[in-house]
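Open the model in your viewer and follow the stops below. Each one says what to select and what is there.

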Amino acid sequence: MANNTTLHQQLLCSALEAIINKALALSLNGTQSLYPLEQKNLVVYLAELGFPLSFIVNNSKVLVTSLSENPDCAIHTSVKTLVALKNEQSLTELIKQDKLDIVGDIKIAQQYANMAETLEIDWQSELAKHIGDVPTYKLTQLSKKLADKLGFAVKQIQADSTEWLVHEKRLVVTSSQIAAFNLQVSELEIHTETVNDRFLAIEKALLNRSSKQFAVNSNKDSSE
Amino acid sequence: MSPQDQDNQENSTHFGYQTVDKSEKESKVAGVFHSVAAQYDVMNDLMSFGIHRLWKRFTIDASGVRPGNKVLDLAGGTGDLTAKFSQLVGKDGQVILADINSSMLNVGRDKLRDRGLVQNIEYVQANAQHLPFEDNTFDIITIAFGLRNVTDKDEALRSMFRVLKPGGRLLVLEFSKPEQELVSKAYDFYSFNILPKMGELVAKDGDSYQYLAESIRMHPDQDTLKEMMNNAGFEQTTYKNLTGGVVALHKGYKF
Ligand SMILES: C[S@@+](CC[C@H](N)C(=O)[O-])C[C@H]1O[C@@H](n2cnc3c(N)ncnc32)[C@H](O)[C@@H]1O
C-alpha cells in the first residue's frame, strides 16, 4: 500500500505537546500531578478527528502521539457528544446511550482529568503560535463551544468513575460495533444519495417533457 | 563490457553524482558528517523549514513503540528519534543510538544529556553493514536519512534483518521521488541552487550540502527500496509518501 499522507496529525500532536508542557511548567503544582501518571498511557478517540490522540507521561513531561497500541485506558467519544453534554448528564448515561466508551483503567482517565484541571491554557493564542491563525480560527470556533463542556466532562470523569466501575461492562459498546455502525450509516448515506440523484434526473426529464408538451400545445393553439 | 569494466563496476559506487571506489565512499561520507556535525541540527531545521520534525513524529507514530521495547536508532546522528523513543519505552525499555561517525555521536550524546535523557540510552559506534549485535535483539529498528549514505545498502538491510526480533519491524525514513513533476522540479531547484548556498552561508560548507543534494537524487525510489527490503527478507513491506513523496517512510516486518 503506497499512499500519500499529510502531516496535520503530527502537527496537532506536536502543538498539543508543546502547549501542555508549557502550561505544566507554569502551573504551581503541575508536574506534581504527573507523578502517578508516569509511563501511563491514555488514548482518546474523537470520532471527528479520525486518528487517536495518545498521552503518556515520562519524567514529568507529557508526550502526545498517535500511538494507540495497548493503552492503559482508552476513551471513545465524539466532539458532538461533548458539545451536546447536558449538565445533569452522567458518564453512565452517556455510556448507556452508546455515546461514550471507556476501556481499561478508568483511574488513569481520572488522573489525567485531575492534571488537566490544574492547567490554565489560553488555547486560542497558544494554538495560533504553533499552527497559524487560520486553522486556529477554525479550531477555536469549535473549541469555544467545547471549552466549558470539556471542563464539565472532566468533572464528570472525576465524579463518576466509581459509579462507572460498578457498572456492568456489557453496557458499553465496543469500538468495532461503533465502526460497523458507522459503516452502515455511510453506506446508507451513499444509497440515499443515489436514490436522490435518480429522483432529480426523473424530475428533470418530466419537466423537460411537460415543457415540450406545453410548447407543442401552445403552437397548436396559436395556429388554430 | 570488458572484465575490467565489470570489475570496476563491482568495486565502485556513488558518492553523490561522482563514481568512486567502494572503499573510498565510507571515508568521504565520514568527511561530510564530521564536517557538518556541529551545525547539523540548525541546518536540518533551516533546510526543511522544520518539517523534518513532523516526518520524524510520523515515524514514531508508525513504529507502534511500547513501554519496555528495545529500539535501535541506526545512523541516529544527533539523536532526534532516540530522544522520543527513550521517553516512550520508559525505564523498562532501552534505546541504542548507533552511528558510524564519532562526531555525530558526540553531538548527539551531549544534546540528549543536556535534556536529561540518560537512563535508558546507549551509544554505539557501528557500521550499518556489520551491526555488532546478536541475532534477534530489537523490537524496532529505525534508520532516518541514513540509508542513502551507506555504501552497500543491501548488506545493511540484511544486517538489520538479522538483529531484529521475529515480530519486530524496520522503519526507513528517507528522501525519495516526488510524485508530481512540478513538485520534483521545484524541489530540484531548491536542493541544487538554494540548499548548497544556505550550507555555505550558515555552515560555511557548501560542498557537503551539494553532496547531500546529489545523494538524495541517487537514492533508490520508493518501489526499488521496497523491493530491496523484500530481498533482504522483510515481509508485509509498505511505504507511505510524505510531503508529496519528497520523503517516504518504508516499513517491513521480520516474521
Ligand atoms: C543525515 S544524518 C541523519 C541523522 C539522524 N538519523 C537524523 O535523522 O537527523 C546521516 C547519518 O548517517 C550516518 N551514517 C552514514 N553511513 C553510515 C553507516 N554505514 N553506518 C551507520 N551510520 C552511517 C552518518 O554518520 C550520519 O550521522
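What share of the 255 residues in chain B is buried? Select chain B: buried residues make up 56% (buried means under 20% relative accessible area with a 1.4 Å probe, protein chains only).

Before going on, note that this is a predicted model, where local features need pLDDT of at least 70, side-chain atom pairs count only at pLDDT 80 or more, and totals for chains, interfaces and linings use all residues. Residues are numbered from 1 along each chain as its sequence is written, chains are lettered from A in the order written, and side-chain values use heavy atoms, without hydrogens and water.

Stay on chain B and switch to cartoon. Chain B has 10 helices and 9 strands (DSSP runs: H or I of at least four residues, E of at least two). Its C-alpha trace spans about 50 × 45 × 35 Å along the principal axes.

Now show both chains. The contact takes 22 residues from chain A and 27 residues from chain B (contact means heavy atoms within 4.5 Å).

Next, select A:Glu17 and B:Arg57. Their side chains meet in a salt bridge at 3.1 Å, N to O. The count between the two chains is 3 salt bridges (side-chain nitrogen of Lys or Arg within 4 Å of a carboxyl oxygen of Asp or Glu).

Finally, color chain A by element. H1(A) gives the most, with 5 residues.

Terms used
Buried means under 20% relative accessible area, exposed over 50%, partly exposed in between (1.4 Å probe, protein chains only).
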